[in-house]
Amino acid sequence: MDVFEAIKTRRSIRRYRKEPIPEEVLLKVLEAGRWAPSAKNSQLWNFIVLKDEEIKRKIAEVFPSGRFLADAACGIAVVTDPKTSNHAVEDGAAAAQNMLLAAHALGLGACWLGVYGGVYEEKIKEILNVPKEKFLVSIISLGFPAETLTAKPRKSLEEILFVNRYGEK
Ligand SMILES: Cc1cc2nc3c(=O)[nH]c(=O)nc-3n(C[C@H](O)[C@H](O)[C@H](O)COP(=O)(O)O)c2cc1C
């Protein structure tokens, strides 16, 4: 699958088959995260693979828009450190997006759980033993897809594009 096809056909998949992800496939997804760009190449991120059923279930219970994590084969939490990078959110988001695309290209379904900055972030950090001062930028749910989704519409380029200055068409 080439990069444009992966970008366009990736969907947020929230229903999964009860099938484990082979270790080598999971490692490829994590590799894609590891190769993301980061400010000054700081790579100040940690990825936590969530395999434990109890931990996935606890997060799913706490986080209303991520209930489906309980049924995912695993999750990947992306943690960054704002003390050592001025771009801790962007770095983590780049790694998360790389992993979403890699998961799709490998035949997996995945969805971004937007825990960062929300009212549930602290509680979920506690569940994962993530230190308070770190950012929990994203949790990605992962599994073999049990749904096929048509693309949600995207705004046209014309709607979002300016040239040279904001507001100039
Ligand atoms: C920062 C961010 C946070 C998101 N949080 C959630 C979430 O908490 N729960 C969820 O089901 N989907 C979440 N999503 C997925 C979006 O709903 C999804 O990407 C969007 O509706 C477009 O659909 P698509 O990914 O299938 O193209 C999130 C996506 C992003 C980028």
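I began at Val78, which stands opposite Ser138 in β4. Strand names here follow DSSP: strands are E runs of at least two residues, helices are H or I runs of at least four, and both are numbered from the N terminus.

A note on what I am looking at: this is a predicted model, where local features need pLDDT of at least 70, side-chain atom pairs count only at pLDDT 80 or more, and totals for chains, interfaces and linings use all residues. Residues are numbered from 1 along each chain as its sequence is written, and side-chain values use heavy atoms, with hydrogens and water left out.

**The sheet**

I followed β2 and β4 next and found 7 bridges joining them, with the two running antiparallel. Two strands count as paired if DSSP finds at least two bridges between them. I then traced the whole open sheet: 4 strands in the order β1-β2-β4-β3, with antiparallel pairing. Its edge strands are β1 (45–50) and β3, each pairing on one side only. From one strand to the next, the twist averages 20 degrees. For angles, I used lines fitted to C-alpha atoms (for helices, over the stretch in contact), running from 0 to 180 degrees between N-to-C directions.

**Helices on the sheet**

I saw α3 packing on the sheet, where α3 touches β1, β2 and β4 and makes about 105 degrees with the direction of β1. Helix α4 (residues 88–105) packs on the sheet too, touching β1, β2, β3 and β4, and its direction makes about 5 degrees with that of β4. Contact here means heavy atoms within 4.5 Å.

**The cores**

I looked up the largest nonpolar core and got 20 residues, with Ile124, Leu128, Leu136 and Ile139 having the most contacts inside it. Such a core is a set of buried Ala, Val, Leu, Ile, Met, Phe, Trp, Tyr and Cys residues joined through side-chain atoms within 4.5 Å. Buried means under 20% relative accessible area, exposed over 50%, and partly exposed in between (1.4 Å probe, protein chains only).

The elements giving two or more residues to this core are α3 (53–62), β2 (74–80), β3 (109–113) and β4 (135–143). α3 gives the most, with 3 residues. Apart from this core I found another, of 17 residues, among them Val25, Leu26, Ala96 and Ala103.

**Ala146**

My last stop was Ala146, in the loop between β4 and α6 (157–160). Ala146 counts as partly exposed because its relative accessibility is 40%. Its C-alpha is separated by 5.2 Å from that of Arg15, 131 residues apart along the chain. Leaving aside neighbours within four places in sequence, Ala146 is in contact with Arg15, Tyr16 and Arg17.
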